[in-house]
Amino acid sequence: MQHARPLTRRSLLGAAAVAAVSALALTGCVAGEGSSGQAAAAGSTSGSTLNIDFATYNPLSLVIKDQGWLEASLKDQGVTVNWVQSAGSNKANEALRAGAIDVGSTAGSAALLARSNGSPIRTISIFSQPEWAALVAPAGSSITSVADLKGKSVAATKGTDPYFFLLQALEAAGLKPGDVTVQNLQHADGRTALENGSVQAWSGLDPIMAGAEQKGAKLFYRNLDFNTYGFLNATESFLKDKPELAQAVVNAYEKARAWAAANPDQTARILAKVAGLDLSVAKTVVLERSNLNVDAAPGEAQRKVLEKIGPTFVETGDVKTQQQIDDAVASLLDDSLVKKADPSAIKGS
């Protein structure tokens, strides 16, 4: 059984200094641009609405919402901030495709799936490198390995990282998707099904998974390499029509990254409150299974992960051709906003 490389309190607190230095460096890179950028935003976004998601699997989104930074920073421009909760990557993708949100949080695998199937989105920032998916069995189960899943019923949310984690785990164990019965349930419902015996295993997602673990569920297969990054995505129309707001979002995420590194306990408290978790469970998620101090610029590291998972989509029929995968990988990642990020442009302490 492979284990995640834990992000400890020490590494998080140490990351605070790095984040602070990075923020100062970014501020210097864009010196003199703030006033003209704000003037442009005031002229082009007055009276508009920023529709943005928050999700318990994206701690930085919770910090930004809790601190009210976007509201404070965009108020003078007449922009209303509308927060919409995403229950999973699949739901965020649905909202992005429908135009219900401008910016949404998904796993990298889910972003690739959406882009491959024609959703006009681009990844504008990386919010984490988490170990948020694992295979879970109920307390007292005889299941101890992926091989034990043959012939069993497994809950998973299709179109999300836990689902693709399951597929990769099965392949690594020499099994095919057809060797198990996948019950397509939303993440919270998957936990319920595991606990009431409707399924024998669950491909879980934090922080719901950490809550189940506290109640006795066992994470019998973990593999950090099968977890794709946390992708912050925006619709192409939003990036084209409201670039100033898109930049403000990325600025806020960089502010939140530094804040979370400096305030890990408070970040855990925010997660516990929103997700309805015990504080100890939230601390496990934030301190041990969420690497928030990741390079925010979408780039080669994410491209390699997408190229690895892409063929699986074709094999399972989720995407028709490898060419669609290749085109999506080539067009999905956009690091331009991160390169111009200025956390100091966001109001609030």
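Visitor: Buried means under 20% relative accessible area, exposed over 50%, and partly exposed in between (1.4 Å probe, protein chains only). So is arginine 257 buried or exposed?

Guide: Arginine 257 counts as buried, at 6% relative accessibility. This is a predicted model, where local features need pLDDT of at least 70 and side-chain atom pairs pLDDT 80 or more, while totals for chains, interfaces and linings use all residues. Residues are numbered from 1 along each chain as its sequence is written, and side-chain values use heavy atoms, leaving out hydrogens and water.

Visitor: What does arginine 257 form a salt bridge with?

Guide: Glutamate 254, with the closest N and O atoms 3.0 Å apart. A salt bridge here is a side-chain nitrogen of Lys or Arg within 4 Å of a carboxyl oxygen of Asp or Glu. Glutamate 254 is buried too, at 13%.

Visitor: Where do they both lie?

Guide: In helix H11, 3 residues apart, about one turn of the helix. Helices (H or I, at least four residues) and strands (E, at least two) are DSSP runs numbered from the N terminus.

Visitor: How many salt bridges are there?

Guide: The count comes to 11. One of them joins aspartate 334 and arginine 122, at 3.6 Å. Aspartate 334 lies in the loop between helices H15 and H16 and arginine 122 in strand S4, so the pair ties together parts 212 residues apart in sequence.

Visitor: Are those two buried or exposed?

Guide: Aspartate 334 is buried at 15%, whereas arginine 122 is partly exposed at 22%.

Visitor: New topic. Which residues of helix H3 are buried?

Guide: Pro59, Leu60, Ser61, Leu62, Val63 and Ile64. Just after H3, glycine 68 takes a positive phi of about 70 degrees.
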